Amino acid sequence: MTLKAGSEAHKEQFCRQFMESYQQYDPETLPWPELDDAALARLRGVPFWQEVYHTEQRAGAIVNAFLPHVVDPVVREAVALQGVEETRHARLIRVMIDRYGIDATEQPLEKFPADLETAFIDFGFGECLDAFLGFGAFKTARESEFLPAAMFDIFDVLMSEETRHIVFFINYMAWREKRRGHVALTRSLKSAWFYGRAARRLLGMVRRGQDANDGRDFSVTQANMFLDGFSFRRFVEDCYRENARRMSVFDPDLMQPRLLPAVADLAVRGLRLWDRSRPLARRTA
Ligand SMILES: [Fe+2]
Ligand SMILES: [Fe+2]
């Protein structure tokens, strides 16, 4: 990285690249595929569309609420664009729900705390975590041919935008912290702390999803399509590799999320070692 994090040049670069990579499209007119009965049933059986829709609505609301508090005009313009994209994500999911008759009830948005910047930062780290895990899950789902490829192409647009959001966010954080004079160690500790919060929230969501899905029919066959031969190690490897692939299109001068890939890399090495030592352990036993 040749740019000095936190400098004016850095700010100009991460904001400009974010804005220049904007794609214009209307969720209504995307090439939504016709689904046969089996695919339709599989799509409708996915238990988390309501949560996805809510998450995107909430994302737009947080970003737009934070917007008037952004002092720097260049950063504000970029944050405004992110607000537009998040709002469009919610619309995209809504279009899909309506088009395919998916059962999803609208949930009220919670009230945001008075400190909207902290809400935005919490949301940003949450996006980093969701996107990283989403990369692996998306690859698994796509390879399982759970839905037609045309459907995954549409979701891929959304994934690419989320990747731009997290690159923007990581650079925004580095710029913000540097301007406040925080040193690297403080920044790393802070990231770890925010990731902890994001992970807790994600677990809460999974638990809520399980409760809501109680008695509903995400049948064993459907889950099996995803999970047949599921290996935790392969999932983590997929997250890691997909993250690297998606990040490779960004300007190397920009910062990228580092903590989660590093943790995943460590985990994969550990799991490989574990896998290798198991036959040995069995033999010695
Ligand atoms: Fe989004
Ligand atoms: Fe996003």
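How are the donor residues of the iron ion (ligand 2) spaced in sequence? They run E-x40-E-x34-E-x2-H, where donors are N, O and S atoms within 2.8 Å of the metal (3.2 Å for Na, K and Ca), and sites may look incomplete since water is not among the atoms.

Before you click around: this is a predicted model, where local features need pLDDT of at least 70, side-chain atom pairs count only at pLDDT 80 or more, and totals for chains, interfaces and linings use all residues. Residues count from 1 along each chain as its sequence is written, chains are lettered from A and ligands numbered from 1 in the order written, and side-chain values use heavy atoms, with hydrogens and water left out.

Select the iron ion (ligand 2). Its protein donors are E86 (OE), E127 (OE), E162 (OE) and H165 (ND1), at 1.9 to 2.1 Å. The donor angles span 82 to 153°, so the arrangement is irregular; four donors count as tetrahedral if all angles lie between 85 and 135 degrees, four as square planar and six as octahedral if opposite donors are over 155 degrees apart and all others between 65 and 115, and anything else is irregular.

Now pick E86, which coordinates both this ion and the iron ion (ligand 1), 3.4 Å away. E86 is buried at 0% relative accessible area (buried is under 20%, exposed over 50%, partly exposed in between; 1.4 Å probe, protein chains only).

Hop to the iron ion (ligand 1). E56 (OE), E86 (OE), H89 (ND1) and E162 (OE) sit 2.0 to 2.2 Å from it, and angles of 94 to 132° make this site tetrahedral.

Finish on H89, buried at 0%, and E162, buried at 12%.
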